[in-house]
Amino acid sequence: MSNYHIKHLEEYLQVYRKSINHPEKFWEELAEENFVWRKKWDSVLEWDFEKPDVKWFQGAKLNITENCIDRHLLTRGEKTALLFEPNDPNEPAEHITYNQLSVRVNQFANVLKSKGIQKGDRVCVYLPMIPELSIAVLACARIGAIHSVVFAGFSSTALATRINDADCKMVITSDGAYRGNKTIDLKGIVDEGLEKCTTVDSVLVVKRIHSEIQMKSGRDFWVQPLLDKAATVCPIEIMDAEDPLFILYTSGSTGMPKGMVHTTAGYMVYTAYTFKNAFQYKENDVYWCTADIGWITGHSYIVYGPLANGATSVIFEGVPSYPDFGRFWEVVQKHKVNQFYTAPTAIRALAKYGTDFVDRYDLSSLKVLGSVGEPINEEAWHWYNDNVGKKKSPIIDTWWQTETGGMMITPIPYITPTKPTYATLPFIGIQPCLMDENGNELKGGQAEGRLCIKFPWPSIARTIWGNHQRYKETYFSAYKNNYFTGDGALRDEVGYYRITGRVDDVVIVSGHNLGTAPIEDAINEHPKVVESAIVGFPHDIKGSALYGYVILKDTGQERDPDNLRKEINQIITEHIGPIAKLDKIQFTEGLPKTRSGKIMRRILRKIAANEMESIGDISTLLNPEVVESIIENRL
Ligand code: PRX
C-alpha cells in the first residue's frame, strides 16, 4: 500500500519513517500504484551529489499529460479542470471540463507540430493568466517540447535573455494583457525582445484584449484560426522519465538568471503527491492558487499537481486590488473555494485595508489556507488565521523553491499542529538538516544554521540549462554531499523548522526572488553611475524591499537627485521589469570594501535596516571612514 493520501498524524510519522528508511521502496510503490506508465523503470533512484547527478525512475516511459488529462476522461470527463476567473468581475467565468481541456490541449499540440515544433525543442511561453497559458504548457508537454514560461511582467530585455539562453524556436504570447484597470502591450514587448534573438522562427498570438498590434508576416500567427483547423486528437509523445519537461528561470546571486531544468517522472510524482496531501484535496473541492504560472508555484500547484489529481484548479487573471480590495474574497465566495494558496505579501497588502472587505463575503467554504514564497510574519499569520480562516482553516506555511519543484517543509492540514511563522515538519521523503558556517551539521533539537537537504527527492531540479558547472557550484559545493538551499533556518525543540530568510545576495521582494547582481549590472549602465550595491531591507508590505547605494561620476554638472533616481529605476524596469525597482536610492561617495576590494554588503544591510548598533567592527575595512558618511546620509 502506498499511502497516497495521508489522513492522520500517526500515519504521517509512519510513512515519513518508511520514506527515509526505505526511500526506493517507498517511491516505487507510490509511483506504481498512482500513475500511468507506458513502461516501468529499470531503477528507482541513481544519485551522486558530488557530480551532481540525480535520476529517478530511470528507464520508465510516460507522458505527463496522459496522467494529467487522458486518464481522467472516463471518470471525470465532465468535471471542471480549469476554472477561469477573468480580470473583470463582470466577464463571466469559464468552466473548462477535462473533456474540453483534452480537446484544447490536443489541438494546441497539433498547431505546435504544424509549426515544426518537435520533441526536445524549447518553446517560450509569455502569456497572461488566461486558460491558454495552461493549455500551451500542456500542449508542449504532450509533444515533448520543453516549455520555458517567462512571467509576463518581465521586460523585453529579460525576455530576450531567457529566449536566447534556451535557444527557443517559438514564442507563444497574446496581443495584450489585462491587469486591474490597465492593459499591457505584451506583443509589443515580444517584438522588441525578438530584435535581440535569432533562434525564434514563429510567434503564436492569442487574442485577448483585441488591440491593434503588428504582425510580422511569415513569423507571427494568430493562434485561433490554426486551432479551428487542427485535429482534436494528438497522440502523446512517449517520454523517458528523465527527459526535460521544462526550464524555469530563477534569479541567482550573480549574473545570468539560472534556467532550472525539471524532468518528467519525478516531478510528476512529487508535485501530485504533495498537492494531494498538503491541501488534503478531496474530489469536488475547488482549489485556488493565486500565483502566476510564470513562477514555479503556478507550474507545480496550478497546472501539474492539481491536474494529476483530477482536481478543479482556478486560474485568476486579475489582481487582489481590482476593482477593490475584496476581490480575492469575492472570488472565494463566488466559486466556493475550498483551498486557497497565496503569498504573505498579498495578505499584508490586504490586511492594511482592515477587515471590512473580508467580512463582506461568505468564506465558509474554505478548509485550508496556504502561504508560500517568503517568510510569513506573525502579524500576517494571525490576520490570515483570524479573518480569512476564522480560526478553523489550518494555515500551511509551505517552504520550497524553484529548484525543489515541490513543497519541502510544510504542515499537513488537520494533521500537523501549526505554529505561527513555522513551516513545521519536512514532507514525506525530505531530509533537511542545519549546518554551521564550518560545514558541520547541527544535531539535536534547537539549532539555527544554514538549511540543506541530505538526500534527493523526486522533483529536485537536475541541472541549470547549459551550465551544469554552475549548478554544482551553487547548490552542491558549499556543503559536501548536501543540497544547499541558500536559506537560513532554525529548528525548535520538537523539530519544527522556521525559515529565517536568504543567506546569499538574493532578496525576496513581494514574494519574488531577485538577485541583486543583475540589478546592479543594469544600474551600472547609466552613464552617470560608477558603481552600485543593492541590499534588501525590511518592508511592511513587501516583506523586503531594495535599497541601492550608488556612486556617481563626478561630472561637474548640476545633479538633480530625484531625476537620477527616476532614471535609475527606469533602467531597471527596462532590463528586468518593474518588480525590481528600488524603494530607496542613496547617492554616496564610496562603498565599504574589504582590503581585497569586495563590497561589505553586511554593513550596507545593517545601515539600510537602521540597525547601526550591530554593524560590528569596521576597522579592518579598506575605507572605514566611508561608513560614517553613509550612516549620516541614510534615507
Ligand atoms: O527564501 C525562500 C523563500 O523563497 C525562496 C524560493 O523562491 P522561489 O524559487 O521563487 O520559489 C518561491 C515559491 C516556492 C526560498 O529559498 N520561501 C519560499 N517559501 C517560503 C520561503 N521563505 C519562508 N517561508 C516560506 N514558506
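## Strand E17, covered on both faces

Strand E17 (residues 312-316) is mostly covered, with five of its five residues buried (buried means under 20% relative accessible area, exposed over 50%, partly exposed in between, using a 1.4 Å probe and protein chains only). On one side sit Thr312, Val314 and Phe316, on the other Ser313 and Ile315, and all are buried. Strands here (E, at least two residues) and helices (H or I, at least four) are DSSP runs, numbered from the N terminus.

A quick word on the source: this is a predicted model, where local features need pLDDT of at least 70, side-chain atom pairs count only at pLDDT 80 or more, and totals for chains, interfaces and linings use all residues. Residues are numbered from 1 along each chain as its sequence is written, and side-chain values use heavy atoms, with hydrogens and water left out.

## E17 and its partners

Strand E4 (residues 80-85) runs parallel to E17, and four bridges join them (two strands pair if DSSP finds at least two bridges between them). Look for Phe84, whose bridge partner in E17 is Ile315.

E17 also pairs in the parallel sense with strand E16 (residues 286-289), over three bridges. Here Tyr287 stands opposite Ser313. From E16 the chain crosses through helix H11 (residues 296-308) to E17, in a right-handed β-α-β crossover (with the strands pointing away from the viewer, the path from the first strand over the helix to the second runs clockwise).

## H11 against H6

H11 packs with helix H6 (residues 131-143) at an angle of about 65°, their axes 10 Å apart (axes are lines fitted to C-alpha atoms over the stretch in contact, and angles run from 0 to 180 degrees between N-to-C directions).

From H6 come Ser134, Val137, Leu138 and Ala141, which meet Val303, Tyr304 and Leu307 of H11 (contact means heavy atoms within 4.5 Å). By class, this contact of H6 with H11 has six nonpolar, one polar and no charged residues (Ala, Val, Leu, Ile, Met, Phe, Trp, Tyr, Cys and Pro count as nonpolar, Asp, Glu, Lys and Arg as charged, the others, Gly among them, as polar).

Helix H17 (residues 516-523) is largely enclosed by the rest of the structure, because six of its eight residues are buried. Among the elements covering them are strand E28 (529-539), strand E29 (543-552) and helix H18 (561-575).

Lys584, in strand E30 (residues 584-587), counts as partly exposed at 25% relative accessibility. Lys584 touches Phe537, Leu546, Tyr547, Gly548 and Leu635, not counting residues up to four places away in sequence. Lys584 and Leu635 are 51 residues apart in sequence and 7.0 Å apart in space, C-alpha to C-alpha.
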